[in-house]
Amino acid sequence: MCIRDRSEGDRSTAEPIIDALLQRQPNNVEALLRKGGLLFERDEPSLALERFDRAIRLAPGNVLARVRRGETLLRLGENARAQMDVDAALAVVPGSTPTLFLRALLLARAQNWAGVDETLQRIGPQLGNFADGFLLMATAKRRLGQSAQAEDAARRHLARRPDDARGARLVAIFDIEASRFDDATAVLTRLQERGGADALSLDMLGRLHSVAGRRAEAVAAFAAAVALAPQDAGLMSRLAAARLAGGDVAGTMSAAGDALRLDPQSPG
């Protein structure tokens with residue numbers, strides 16, 4: 001999940017300017033933070049960490065620097081170090097919403113869902129400023145058994161980010177649990193039409209089509225899932241079963257053979 005504030009926008013066009021500034025002023029804390037942020041967004045967390053480390057050495061009380069480094073450490077799996085940055089930032093600004101959101105992410109890593117919920121409540125209306133704010137709330141509420149609040153948060157997340165497969169899957173799960181199978185199918189179909197479907201959501205869509213007896217649609221969904229995850233033996237087996245149900249013997253044998261090649265213990 002992402003801690004980025006939705007108001008930040010795309011800063012990629014500013015990188016040459018930032019690089020030039022750092023050449024002239026290598027100890028410019030703001031430029032170091034912005035450069036680190038760009039590296040983080042390009043999925044280069046180790047390089048980003050170098051910039052954030054340097055910024056904190058120059059300004060140890062800078063809350064933004066602590067949050068940025070904490071987020072980077074979280075991505076690198078260094079939870080204990082990230083917690084130290086959270087504690088340091090909250091000691092300076094106890095109500096810092098980015099720091100609180102990072103704290104909630106760390107609590108989620110620890111499966112402390114009550115702690116996540118309490119922390120998100122402290123963020124209050126500003127939760128919507130974070131890209132994954134409502135998704136994290138939905139996850140916490142679901143784990144706490146607060147289904148109505150969890151579903152509301154999941155739908156709010158999907159409304160804001162209709163291309164996010166995680167949100168679509170969660171909304172579909174709520175629909176399935178309420179026996180609204182057509183609604184679940186519609187949610188996942190819209191996701192696919194928007195180009196946001198991943199293998200997990202396509203697998204779920206294929207299962208829904210299979211249960212409803214829509215054989216051609218099931219085959220198409222499972223085939224699309226396999227294209228995204230060609231090494232998943234379970235998906236390959238479900239594609240084989242869907243093809244068999246549709247009378248495609250040759251396609252069934254091909255998919256079943258691939259499933260057995262990927263996993264010799266597969267029931268295919």
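1. Helices here are DSSP runs of H or I with at least four residues, strands are runs of E with at least two, and both are numbered from the N terminus. Under that rule, Gln121 lies in helix 7 (residues 113-123).

2. The model is predicted: local features need pLDDT of at least 70, side-chain atom pairs count only at pLDDT 80 or more, and totals for chains, interfaces and linings use all residues. Residues are numbered from 1 along each chain as its sequence is written, and side-chain values use heavy atoms, with hydrogens and water left out.

3. Overall, the protein has 15 helices and zero strands. Its C-alpha atoms fill a box of roughly 70 × 40 × 35 Å along the principal axes. Of the 268 residues, 46% are buried (under 20% relative accessible area, with exposed over 50% and partly exposed in between; 1.4 Å probe, protein chains only). The exposed surface comes to about 13200 Å², 53% of it from carbon and sulfur atoms (Shrake-Rupley method, 1.4 Å probe).

4. Among contacts (heavy atoms within 4.5 Å) with a separation of 6 or more, 49% join residues 24 or more positions apart.

5. Gln121 is partly exposed, with a relative accessible area of 45%. Apart from neighbours within four places in sequence, Gln121 is in contact with Met137 and Lys141. Its C-alpha atom is separated by 16 Å from that of Ala148, 27 residues away along the chain.

6. Helix 5 (residues 79-92) and helix 6 (residues 97-109) cross at roughly 150°, and their axes come within 10 Å. Axes are lines fitted to C-alpha atoms, for helices over the stretch in contact, and angles run from 0 to 180 degrees between N-to-C directions. The pair is therefore roughly antiparallel (over 145 degrees; under 35 is roughly parallel, 65 to 115 roughly perpendicular, the rest oblique). The crossing is left-handed, meaning that the near helix is turned anticlockwise from the far one by less than a right angle. Helix 5 contributes Asn79, Ala82, Gln83, Val86, Ala89 and Leu90, and helix 6 contributes Thr99, Leu100, Leu102, Arg103, Leu106 and Arg109. By class there are seven nonpolar, three polar and two charged residues (Ala, Val, Leu, Ile, Met, Phe, Trp, Tyr, Cys and Pro are nonpolar; Asp, Glu, Lys and Arg charged; the others, Gly among them, polar).

7. Helix 9 (residues 147-160) packs on helix 10 (residues 165-177) at about 140°, with axes 9 Å apart. Helix 9 and helix 10 are therefore oblique, and their crossing is left-handed. The contact residues divide into seven nonpolar, three polar and four charged.
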